[in-house]
Structure formats: C-alpha cells, structure tokens
Amino acid sequence: MSESGEQVERFSAVQVYVHFLMGVAILLLFLTGTAITFGDQVGWIVGLIGTNNIILVHVVSGVVLFLTLLYYLFYALTGLATGEFPRAWLPTLDTVREAIAYAKHVLGRGAAPRAGKYNWIQKSEILIITVELTVLTATGLVLTFPGLLLDYRPAFLALSDLHLVFAFT
C-alpha cells in the first residue's frame, strides 16, 4: 500500500509465479551448494538425500534459475521493443538523493525520504542480484560443462572459488 492508501502493483500474477520459482531455485541451490562444498560439516544434508541426488537437485535448480532469468530478459527486451520498458526499478540521480536523505534520517538529521514504486534499497538489491546471478549462472555453466572452456585444473579451481564467493555474498 502506498501512503495515500492505494495499492501499488509491483508484479503481475505471472511475475509472482516466476519470482517464487526463482526464490525456490535459489534456496535449493544454496542448500545443495553448501552440501557439495562443505559436505563434512553438513553431512546431514548428504545423508538425507544422497550425494548424487544433491548434485542432480543442484543442476536442476540451476536450470530453473536460468529459465527464470531468461523470462526476465525476455520481459525486458519485449519492453524495449514495445517502448514499455519498466523503468521504475532503474536507479537515477533521485535514487542517490533518496539514499543520502535516508542516511540523514537514520542519523536524526532529516525526515524520512519518500520513495516511488521502489525505494533506493530495492533498486540497489535488484542490480546486485542481477550481477550476482549473472556471474553465478556463467560460472555454474562452465563448472557443469568444464570440457567446453577449462582445459586445466587451476582454472577450474579458480572458477569454482569465484562461484563460491558469489554464492555466499
């Protein structure tokens, strides 16, 4: 609800469904990735569903995440083609001003800033998640099919570490 009491539609029904799928995929990727990476420390996950099943769930969840990302890419490209690209989530100079006003508010030196459809934190999160998921998808694909791009072990290990760092940030 907005401050005026009217409801603000952030997502369509299809977007809510895709967003839910994305959230489930990320949760499963986190759990299975933790089990794959730290199996000795979280052996209960491995014991619960087995190593092969963990890898299978991780790969399937990665595919689901990739498909949801393709949906959002298609949504953005369709919006660009039709001239109805959703710009409400893009940061602008006003977003920076809002972030500064928010910092002042937190420090007790000003009023809380008014935001539009998305506030500065939500806009920042969208961009951060976009970058993270792009890196995770690219590194995940290369780690799943190492023969395509990685001919020697040090590159695989470096890419694996990069994937891990982005997954846990």
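**Aromatic pairs in the predicted model**

Trp120 has a relative accessible area of 23% and is therefore partly exposed, a class that lies between buried (under 20%) and exposed (over 50%), with a 1.4 Å probe and protein chains only. The model is predicted, so that local features need pLDDT of at least 70 and side-chain atom pairs count only at pLDDT 80 or more, while totals for chains, interfaces and linings use all residues. Residues are numbered from 1 along each chain as its sequence is written, and side-chain values use heavy atoms, leaving out hydrogens and water.

Across the whole structure, a search finds five aromatic pairs, counted where ring centres of Phe, Tyr or Trp (its six-membered ring) lie within 6.5 Å, with planes under 30 degrees apart called stacked, over 60 edge-to-face and the rest tilted. One of them joins Phe38 and Phe168, whose ring centres are 5.9 Å apart and whose planes meet at 65°, so this pair is edge-to-face. The two residues are 130 apart and link distant parts of the chain, since Phe38 sits in the loop between helix H1 (13-37) and helix H2 (43-49), whereas Phe168 belongs to the segment after helix H7 (153-167); helices here are DSSP runs (H or I) of at least four residues, numbered from the N terminus. Phe38 is partly exposed at 33% relative accessibility, and Phe168 is partly exposed at 40%.

A further pair is formed by Tyr102 and Trp120, with ring centres 5.7 Å apart and planes at 55°, which makes it tilted. Because Tyr102 lies in helix H4 (residues 93-106) and Trp120 in helix H5 (residues 120-144), the pair ties together parts 18 residues apart in sequence. Tyr102 is partly exposed, its relative accessible area being 34%.

Returning to the phenylalanines, Phe38 and Phe168 form one aromatic cluster together with Phe30.
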